[in-house]
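I opened this model to look up a few things. My notes follow, entry by entry.

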Amino acid sequence: MLRGGLVLLALVAPVAALAADNVRTSASVFVEREFAQPNGERRIRLEPVQQVKPGENLIYIVEYRNTGSAPVQGFTVTNPLPRTIRLAQTSDSSEQVSIDGGRSWGQLSALRVYQPRVGWRPAYPDDVTHLRWRVDDRLMQGESRRIAFRATVR
């Protein structure tokens, strides 16, 4: 098991998403835990990350807020992914991904990875290094929104 302090550095710190100058971002990470109820049913509960094990599911919630004095529009929210996690899915599939550290972007299904002696293969969620979302609608002063995605601890 990873220790809590290491988890917070490895999972939360890299989620310092980037956006426009007057847009501030923050992120929260939760782990999904399954519990048996007294009646035998299984329930899933979200808990703040303290300790995680390989294979556990995480929920990332990235909030962005307009902290400026005027509306903002037409910016991106970019989120690097720690190497300790694997992208599982996003809340709306409107994201673009990078598999090369943020140098190029596209839909995961359109990206390819070169492997020596093998050639080109389709990109997989394991290859994703960054996520980004384009925000084209107007974000008024003081307004905030959220983006969520799921990941799995490697």
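**Entry 1: Arg 121**

I started with Arg 121, which lies in strand β8 (residues 119–122). Strands here are DSSP runs of E, at least two residues long, numbered from the N terminus. The model is predicted: local features need pLDDT of at least 70, side-chain atom pairs count only at pLDDT 80 or more, and totals for chains, interfaces and linings use all residues. Residues are numbered from 1 along each chain as its sequence is written, and side-chain values use heavy atoms, with hydrogens and water left out.

Is Arg 121 buried or exposed? Arg 121 is buried, at 14% relative accessible area. The cut-offs are under 20% for buried, over 50% for exposed, and partly exposed in between (1.4 Å probe, protein chains only).

I then listed its contacts (heavy atoms within 4.5 Å). Leaving aside neighbours within four places in sequence, Arg 121 touches Leu 111, Arg 112, Val 113, Gln 115 and Asp 127. Leu 111 is 10 residues away from Arg 121 in sequence, and their C-alpha atoms are 8.8 Å apart.

**Entry 2: Salt bridges**

Next I searched for salt bridges, meaning a side-chain nitrogen of Lys or Arg within 4 Å of a carboxyl oxygen of Asp or Glu. How many salt bridges does the whole structure hold? The search finds 13. Side chains of opposite charge can pair when their charged atoms come close.

- Arg 121 and Asp 127 form one, with the closest N and O atoms 2.9 Å apart. Asp 127 is buried at 15%.
- Glu 34 and Arg 42 form another, at 2.8 Å, N to O. Glu 34 is partly exposed at 47%, and Arg 42 is exposed at 51%.
- Arg 145 pairs with Glu 143, with the closest N and O atoms at 3.0 Å. I found Arg 145 partly exposed at 22% and Glu 143 partly exposed at 26%.
- Arg 33, Arg 45, Glu 47 and Glu 56 are linked in a network of salt bridges.

**Entry 3: The largest nonpolar core**

I turned to the nonpolar core: a set of buried Ala, Val, Leu, Ile, Met, Phe, Trp, Tyr and Cys residues joined through side-chain atoms within 4.5 Å. The largest one has 28 residues. Which of these touch the most other members? They are Leu 58, Tyr 64, Phe 75, Leu 131 and Phe 149. I noted the strands that each supply at least two residues of this core: β1 (23–36), β3 (57–66), β4 (75–80), β5 (85–90), β9 (130–135) and β10 (144–153). In soluble globular proteins, nonpolar side chains tend to be buried together.

Beyond neighbours within four places in sequence, the contacts of Tyr 64 include Val 23, Phe 75, Val 77, Val 135, Leu 139 and Ile 147. Glu 143 and Arg 145 are also among them.

**Entry 4: An open sheet**

Last, I traced a sheet. Three strands form an open sheet in the order β4-β9-β6, with antiparallel pairing. Which are the edge strands? They are β4 and β6 (96–98), each of which pairs on one side only. Strands pair if DSSP finds at least two bridges between them.

Neighbouring strands of this sheet are turned by 25° against each other on average, direction ignored. The axes are lines fitted to C-alpha atoms.

Six bridges join β4 to β9.

Methods:
Helices (H or I, at least four residues) and strands (E, at least two) are DSSP runs, numbered from the N terminus. Axes are lines fitted to C-alpha atoms, for helices over the stretch in contact, and angles run from 0 to 180 degrees between N-to-C directions.
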